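Morning, everyone. Let's look at one chain together. Please keep the view open while I talk.

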Amino acid sequence: MTLLFVAAAAFVATVLGGALALRLRDSLHLVLGFSAGAVVAVAFFDLVPEALDLAGGSYTAATVMSFVALGFLLYLLMDRLLLLHTHGHEAQEGDASRGHLRAGSFSLHSFLDGIGIGLAFQVSTAVGLVVTVAVLAHDFSDGINTVNVVVRHGGTFKKALRWLLVDALAPVAGIGATLLFTVSEGSLGLLLALFAGFFLYIGASDLIPESHHTHPTFWTTAMTILGAGVLFAAIRLANI
């Protein structure tokens, strides 16, 4: 019963974040700035520490950080391959493909969030609730980011909604998956490190430059710092 409530809360948090991004699309540069800070903060303050903690019993810190670098470079490679296969009239289609790629990475991360929640509840209800609070904080951010990357890369309103639905259902599927199988802490830690690399690339190479490209103002920078600060505070509070 508790897991059902948690799954519903994760779904709602993601949808609310996406709905906010859609409502504020006229101020997209400010939302992009906030998203950039949030994505980078999730990588640095949540995914990397969690990966080091989970994988620490099986792998060295150097190995975990190597997976962070691997994630960054793999995403760079995928991004550049999409660019190489698009030119001229195909550029808009390729740009949309990059949006789908980024939205897909957020959805896969949300799926891992669900697995993390399910595994935490297998340890104890108390541990499960702490992990849930942290996940809900950045599920809201994931909803914002998913909509932003689709719209940013020329996706339609309907496509943004479809990806938002996928992202909202992903943690629910992850929670359900843990009823069927288990994942070792070490393996989960390496997966989180890989996604940290993905997020660092998305934030640093896409969202931050784009938010400042057409609106290089004080407020875009302030929103980036605010996004990082909000996620930092939420993660810290969840871990108290």
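How many helices and how many strands does the secondary structure of the chain come to? Eight helices and zero strands. From the N terminus, the order reads α-α-α-α-α-α-α-α. Helices here are DSSP runs of H or I with at least four residues, strands are E runs of at least two, and numbering starts at the N terminus.

Now the ground rules. This is a predicted model, so local features need pLDDT of at least 70 and side-chain atom pairs count only at pLDDT 80 or more, while totals for chains, interfaces and linings use all residues. Residues are numbered from 1 along each chain as its sequence is written, and side-chain values use heavy atoms, with hydrogens and water left out.

Next, burial. The chain has 240 residues, and 47% of them count as buried. Buried means under 20% relative accessible area, with a 1.4 Å probe and protein chains only.

On to the core. A nonpolar core is a set of buried Ala, Val, Leu, Ile, Met, Phe, Trp, Tyr and Cys residues joined through side-chain atoms within 4.5 Å. The largest one has 42 residues, and Leu 47 and Phe 199 touch the most other members. Several helices give two or more residues, including α1 (2–23), α4 (91–123) and α7 (185–213). Which element gives the most? α2, with 13 residues.

Find Leu 47. Leaving out residues up to four places away in sequence, Leu 47 touches Val 42, His 109, Leu 192, Phe 195, Ala 196 and Phe 199. There is also a second, separate core of six residues, among them Val 6 and Phe 121.

Conventions
Buried < 20%, exposed > 50% of the residue type's maximum accessible area, 1.4 Å probe, protein only. Contact = heavy atoms within 4.5 Å.
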